[in-house]
Amino acid sequence: MRLGATDRSVRAALDRLCDRLDGAGVEPELIDLSRIVLAEVLNNIVEHAYGPDRDGAIDLSVQMIPKGVRCCVMDDGAPMPDGDVPHTERPVADAGAPMTWPEGGFGWHLVRDLTSQLCYRRGAGRNDLTFEITLP
Amino acid sequence: MEMHVDDQDGLTVVRVDDTRIDASVAIQFKDTFRGLVSGRQGTVLLDLSMVEFLDSSGLGAVVAARKLLGPNRPLDLCGLQPAVDKVMALTRMNTVFKIYKDRAQAIAQTAPAPGTI
């Protein structure tokens with residue numbers, strides 16, 4: 001499916017996709033995991049690859065594999081910094097110091113924790129991210 | 001963003017009446033929360049029982065809501081659905097928020113006993 005790179009379009013696309021997965025008999029847990037991962041990947045494209053000043057489209061395809069899904073997400077936005085999915089420190093919250101708790105930096109950790117075969121390619125001005133989400 | 005506040009047994013309870021707290025409503029969530037809790041005192045319980053999905057922007061907004069209350073005023077959570085629970089667990093934020101199964105359990109464990117000052 002193709003969607004516009006806005007927060008609202010991402011929400012609507014995730015709804016459509018999860019409805020389709022549900023209609024195809026996919027387990028609710030796998031649908032939840034897919035929604036968590038795809039929300040992070042798609043939001044990242046909206047916020048960083050295109051950013052606030054640029055319109056664009058995102059192409060998303062989801063293919064069923066044994067016990068999971070294989071996703072391919074493409075966009076024409078800016079490349080990932082350093083040519084790869086960001087490797088940042090995992091944000092940590094100190095229970096005794098709530099005013100220092102992290103408000104961001106969680107996204108790629110959620111993606112890495114919940115996917116396998118995560119692969120980023122850049123070519124012909126396009127970002128191409130593929131990954132699999134499977135149930136244990 | 002639909003949110004609702006009431007006082008239950010001395011506890012301020014904010015219920016989110018939307019099914020999602022995501023990037024498209026994170027700022028609205030913070031602003032609405034700020035308005036609902038202003039002029040009130042004490043612990044706030046955020047009832048998430050209607051919320052089916054929280055992304056990392058939504059989680060950031062919940063953390064920001066906690067900070068709006070200041071260092072000494074807790075924000076507790078209740079009613080986490082499976083996808084919300086999963087995000088809280090994967091980010092380890094379930095180790096710093098107090099999380100209750102539902103509103104009744106939160107009230108039973110946090111509200112001041114009747115007659116206390």
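Modeller: This is a predicted model. In it, α2(A) and α3(B) pack with their axes 10 Å apart and at an angle of about 55 degrees.

Colleague: How are α2(A) and α3(B) oriented to each other, then?

Modeller: At about 55 degrees, α2(A) and α3(B) are therefore oblique to each other. The crossing in which α2(A) passes α3(B) is right-handed.

Colleague: Which residues meet there?

Modeller: From α2(A), Asp32(A), Arg35(A) and Ile36(A) meet Pro82(B), Ala83(B), Lys86(B) and Val87(B) of α3(B). By class, this contact of α2(A) with α3(B) comprises four nonpolar and three charged residues, and no polar ones.

Colleague: Staying with α3(B), which of its residues are buried?

Modeller: Ala83(B), Val84(B), Lys86(B), Val87(B) and Met88(B) are buried in α3(B). The buried residues of α3(B) pack against α2 and α3 of chain A, and also against β5 (53-54) and α2 of chain B.

Colleague: Why does Val84(B) count as buried?

Modeller: Val84(B) has 25 C-beta neighbours inside 10 Å, and the cut-off for a buried residue is 20 or more, so Val84(B) counts as buried.

Colleague: What is Val84(B) in contact with, leaving aside its neighbours within four places in sequence?

Modeller: With those neighbours left aside, Val84(B) is in contact with Leu48(B), Val51(B), Phe53(B) and Leu54(B).

Colleague: And how far is Val84(B) from Arg66(B), C-alpha to C-alpha?

Modeller: Their C-alpha atoms are separated by 17 Å, and the two residues are 18 residues apart along the chain.

Colleague: Which residues make the contact of α2(A) with α3(A)?

Modeller: On α2(A), the contact is made by Leu33(A), Ile36(A), Val37(A), Glu40(A), Val41(A) and Asn44(A). On α3(A), the contributors are Gly107(A), Leu110(A), Val111(A) and Leu114(A). By class, the contact of α2(A) with α3(A) has seven nonpolar, two polar and one charged residue.

Colleague: Which residues of α3(A) are buried?

Modeller: Gly107(A), Leu110(A), Val111(A) and Leu114(A) are buried in α3(A). They lie on the same side of α3(A), because they cover an arc of only 100 degrees around the axis.

Colleague: What do the buried residues of α3(A) pack against?

Modeller: The buried residues of α3(A) pack against α2 and β5 (126-134) of chain A, along with α2 (56-68) and α3 (82-90) of chain B.

Colleague: Finally, the interface as a whole. How many residues of each chain are in contact?

Modeller: In chain A, 22 residues are in contact with 24 residues of chain B. On the side of chain A that touches chain B, at least two residues are supplied by each of α1 (7-23), α2 (28-50) and α3 (107-114). The largest share of that side, six residues, comes from α2(A).

Colleague: How do the residues of that side of chain A divide by class?

Modeller: The side of chain A that touches chain B has eleven nonpolar, three polar and eight charged residues.

Note on methods. Residues numbered from 1 in each chain as written. Chains lettered and ligands numbered in written order. Predicted model: local features only at pLDDT ≥ 70, side-chain atom pairs only at ≥ 80, totals over all residues. Contact = placed C-beta atoms within 7 Å. Helix = DSSP H or I, 4+ residues; strand = E, 2+ residues; numbered from the N terminus. Nonpolar A, V, L, I, M, F, W, Y, C, P; charged D, E, K, R; others polar. Buried ≥ 20, exposed ≤ 12 C-beta atoms within 10 Å, placed from the backbone. Arc of directions from axis to C-beta. Axes fitted to C-alpha atoms, helices over the stretch in contact; angles between N-to-C directions. Parallel < 35°, antiparallel > 145°, perpendicular 65-115°, else oblique. Left-handed = near helix turned anticlockwise from the far one by under 90°.
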